[in-house]
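Here is a structure to get to know. Have it open while you read, and follow along one piece at a time.

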Amino acid sequence: MTERSEIKGLIEKAYAARVKGDLDALMTYFHPDCRFQLMGAAEREAICRPLEGCVAVRGQMAEFIGAFRFTNFETLDVVVEGDRAAYHWQADVTFVPTGRTETFQTLDLLSFEDGKVRSLAQFTDTAGVARITAAAVS
């Protein structure tokens, strides 16, 4: 899979499944030996530790889908070079338990193998994530 249009199409379908909250559909786009990491201070935040393998990534995606709802999702840019891609997107993200919403811009770096996402490194505003997930102050 090295055609730009194939990779772009796979990205669009995978993210559509994520926005819809369809875990089973989302996971069909991941390679069995996939890797995921939300980039940040892994030594301070467990959520930023790299996850290896489809079972671990599926667990994390299930938690994300349960906790974060996306609306107004928009692709800002896609750059594909060989079996790698950079995907820049924006969405209004609501943390379901608190109902807090902020607009986030995120840059995902992806690599592909056998027509599936082999690795995904996600760069986003982790301070913003901390704000919307913070316990309510009374």
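This is a predicted model: local features need pLDDT of at least 70, side-chain atom pairs count only at pLDDT 80 or more; totals for chains, interfaces and linings use all residues.

Glu 12 is partly exposed, with a relative accessible area of 36%. (Buried means under 20% relative accessible area, exposed over 50%, and partly exposed in between, using a 1.4 Å probe and protein chains only.) Its salt-bridge partner is Lys 8, with the closest N and O atoms 2.6 Å apart. Lys 8 is partly exposed too, at 26%.

Residues are numbered from 1 along each chain as its sequence is written, and side-chain values use heavy atoms, leaving out hydrogens and water.

How many salt bridges does a search of the whole structure find? It finds 6, counting a side-chain nitrogen of Lys or Arg within 4 Å of a carboxyl oxygen of Asp or Glu. One of them joins Arg 58 and Asp 24, at 2.5 Å from N to O. Arg 58 belongs to helix 3 and Asp 24 to helix 2, so this pair ties together parts that are 34 residues apart in sequence. (Helices are DSSP runs of H or I with at least four residues, strands are runs of E with at least two, and both are numbered from the N terminus.)

Glu 113 and Arg 118 make another bridge, with their closest N and O atoms 3.1 Å apart.

## Helix 3 and its cover

Helix 3 covers residues 54–67, and its 14 residues should span 20 Å at 1.5 Å a residue; the end C-alpha atoms are 20 Å apart, which agrees. The expected span is 1.5 Å times one less than the number of residues.

Which residues of helix 3 are buried? They are Val 57, Gln 60, Met 61, Phe 64, Ile 65 and Ala 67. Their cover includes helix 1, helix 2 and strands 1 to 4, where contact means heavy atoms within 4.5 Å.

## Aromatic rings

There are 9 aromatic pairs. Rings of Phe, Tyr and Trp (its six-membered ring) pair if their centres lie within 6.5 Å; planes under 30 degrees apart count as stacked, over 60 as edge-to-face and the rest as tilted. Tyr 15 and Tyr 87 have ring centres 4.6 Å apart and planes at 55°, so they are tilted. This pair links distant parts of the chain, with Tyr 15 in helix 1 and Tyr 87 in strand 4, 72 residues apart. Tyr 15 is buried at 9% relative accessibility, and Tyr 87 is buried at 1%.

Phe 73 and Trp 89 are stacked, because their centres are 5.1 Å apart and their planes at 25°. Phe 73 is partly exposed at 25%, while Trp 89 is buried at 3%. Together, Tyr 15, Phe 70, Phe 73, Tyr 87 and Trp 89 form one aromatic cluster.

Most residues other than glycine have a negative phi. Asn 72, in strand 3, has a positive phi of about 50° although it is not a glycine. Asp 114 also has a positive phi, near 55°, and it sits in the loop between strand 5 and strand 6. Asn 72 is exposed at 58%, and Asp 114 is exposed at 65%.
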